[in-house]
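Please consider the sequence and the structure shown below.

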Amino acid sequence: MSEPVKNQYEMRDPREQYPKPPFPQQPQSAPGLAAEMVPRPDHGETSYQGFGRLKGRKALITGGDSGIGRAVAIAYAREGADVAINYLPSEERDAQEVVKLIEEAGQKAVAIPGDLKDEAFCTQLIERTVEALGGLDILVSNAGRQTYRESIEEITTAQFDETFKANVYALFWLTRAATPHLKPGSAIITTSSINAHQPSETLLDYATTKAAIAAYSEALAGQMAKRGVRVNSVAPGPFWTVLQPSGGQSQEKVQKFGGDVPLGRPGQPAEIAPLYVLLASQEGSYMTGGVFPVTGGEIF
Ligand code: NAD
Ligand code: MG
């Protein structure tokens with residue numbers, strides 16, 4: 001990295017903007033903490049500047065404690081939205097940093113820990129958000145789990161089930177519960193992956209869920225258009241988040257992470273949040289049913 005990134009508006013060489021591999025090995029057990037990553041990811045804490053694009057909106061972000069979800073939470077708050085975040089109880093330390101950042105932006109922050117693999121919790125999460133924020137205009141389904149396995153024979157039925165519950169069933173449960181609350185102008189944004197089109201052989205269950213999320217989002221967009229609600233999906237390439245060193249990749253792959261995309265480095269969460277802002281804001285009024293890659297040049 002040449003100099004620390006002060007803002008995202010100054011012209012600079014994207015290849016040199018952030019760290020490149022090799023990275024140190026850094027095993028953590030899932031879901032892990034962003035606070036313990038080396039180097040620390042950039043979620044926009046010091047660089048994201050808001051312009052009032054989401055003034056008065058009420059947003060729920062799953063997985064809002066760390067990584068892409070944290071960057072989206074910071075951006076949404078600085079754009080004027082009140083923000084509820086969901087995460088797992090073991091991630092409280094990361095979550096509290098995000099609560100503080102939302103409040104420093106002058107917005108209301110609501111922290112609702114709990115496991116999305118549970119249908120009843122998903123329903124409650126929507127109801128609690130609506131109660132705490134006084135409504136819901138933006139649902140960002142971003143939480144996800146990823147566990148690499150070299151061979152199909154190492155994938156237990158429990159793992160397969162948990163990956164589908166957290167990545168796909170939760171999306172169904174959350175969007176179904178949210179639907180009656182979403183007024184025309186509201187937006188749903190889901191998080192797919194480059195794995196939907198270029199599935200990694202060591203992420204058999206995960207890659208399959210990410211293809212399902214893309215199809216689900218496109219189909220839901222058709223239905224929701226009739227209600228004036230837009231639905232889009234973001235498909236990240238390699239992003240520097242704790243998902244990877246906490247069992248999402250082997251430590252050997254973590255060391256080289258992002259090195260083989262055309263820009264030669266992984267993306268930082270702060271570099272994908274602006275797309276989630278656009279898709280949520282009225283500037284994105286004609287954008288629905290899309291799956292948008294952000295991959296550092298890797299063909300989607
Ligand atoms: P991350 O680990 O920082 O965020 C994932 C979050 O999911 C966790 O913070 C956790 O709160 C949440 N989560 C996982 N299981 C849960 C459960 N059962 N209940 C509640 N919450 C749960 O990593 P990230 O990379 O920011 O991941 C965000 C999304 O981006 C995920 O859907 C991931 O699949 C997707 N994605 C990431 C990459 C990448 O390279 N980092 C690439 C493509 C897609
Ligand atoms: Mg986390």
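The shell around ligand 1 consists of twelve nonpolar, 13 polar and five charged residues. In this division Ala, Val, Leu, Ile, Met, Phe, Trp, Tyr, Cys and Pro count as nonpolar, Asp, Glu, Lys and Arg as charged, and the others, Gly among them, as polar. The model is predicted: local features need pLDDT of at least 70 and side-chain atom pairs pLDDT 80 or more, whereas totals for chains, interfaces and linings use all residues. Residues are numbered from 1 along each chain as its sequence is written, chains are lettered from A and ligands numbered from 1 in the order in which they are written, and side-chain values use heavy atoms, with hydrogens and water left out.

In total, 30 residues surround ligand 1, and S66, E91, N142, Y206 and T241 are the closest; a residue is near a molecule if one of its heavy atoms lies within 4 Å of it. At least two shell residues come from each of helix 1, strand 2 and helix 5 (204-225). Helices (H or I, at least four residues) and strands (E, at least two) are DSSP runs, numbered from the N terminus.

| Residue | Polar atom | Distance to a ligand 1 oxygen |
|---|---|---|
| Q244 | side chain | 2.8 Å |
| G144 | backbone | 3.1 Å |
| G237 | backbone | 3.3 Å |

Of the 800 Å² of accessible area that ligand 1 has on its own, the protein covers 97%, by the Shrake-Rupley method with a 1.4 Å probe.

S66 lies in the loop between strand 1 (58-62) and helix 1 (67-78), and E91 in the loop between strand 2 (82-87) and helix 2 (92-104), so the pair ties together parts 25 residues apart in sequence. Both S66 and E91 are buried (under 20% relative accessible area; exposed is over 50%, partly exposed in between; 1.4 Å probe, protein chains only).

The whole structure holds five aromatic pairs, defined by ring centres within 6.5 Å, with planes under 30 degrees apart counted as stacked, over 60 as edge-to-face and the rest as tilted. The rings of Y9 and F51 are edge-to-face, because their centres are 5.6 Å apart and their planes at 85 degrees. F23, W240 and F257 form one aromatic cluster.

Conventions: Polar contact = N/O pair within 3.5 Å; in protein donor to acceptor, adjacent residues only side chain to side chain. Phe/Tyr/Trp six-rings, centres within 6.5 Å; stacked < 30°, edge-to-face > 60°.
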